[in-house]
Amino acid sequence: MAMTTTMTTAATATMRAAVRERYCGPGEVRTERVARPVPGPGEVLVRVRAAGLDQGCGIS
């Protein structure tokens, strides 16, 4: 089995995340740059290209 190595650069060390500090309305959810998580043994990191939230997800 061949192994590949991925180099981490400043551009890939962070990711955009939807963040909220407490239970709140949709206007209080913001996006910010956060550290990209590092998967542990037996875990994978999945890239999400698009996602959506609606009021049923507890954002209102």
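Let's begin with a term: a residue is buried when its relative accessible area is under 20%, exposed when it is over 50%, and partly exposed in between, using a 1.4 Å probe and protein chains only. One more: helices (H or I, at least four residues) and strands (E, at least two) are DSSP runs, numbered from the N terminus.

What you see is a predicted model, where local features need pLDDT of at least 70, side-chain atom pairs count only at pLDDT 80 or more, and totals for chains, interfaces and linings use all residues. Residues are numbered from 1 along each chain as its sequence is written, and side-chain values use heavy atoms, leaving out hydrogens and water.

Now, please find strand E2, residues 30–35. How many of its 6 residues are buried? The number is 0, so E2 lies largely in the open. Arg33 sits in this strand and is exposed, at a relative accessible area of 53%.

E2 has a partner. Strand E1, residues 14–19, pairs with E2 in the antiparallel sense over 6 bridges; for two strands to pair, DSSP must find at least two bridges between them. Across from Arg30 in E2 stands Val19.

Which residue forms a salt bridge with Arg30? That is Glu32, with the closest N and O atoms 3.1 Å apart. A salt bridge here is a side-chain nitrogen of Lys or Arg within 4 Å of a carboxyl oxygen of Asp or Glu. The whole structure has 1 salt bridge. Glu32 is partly exposed at 30% relative accessibility, and Arg30 is partly exposed at 35%.

Finally, look at the segment after E2, where Pro37 lies. Pro37 is partly exposed, at 40%.
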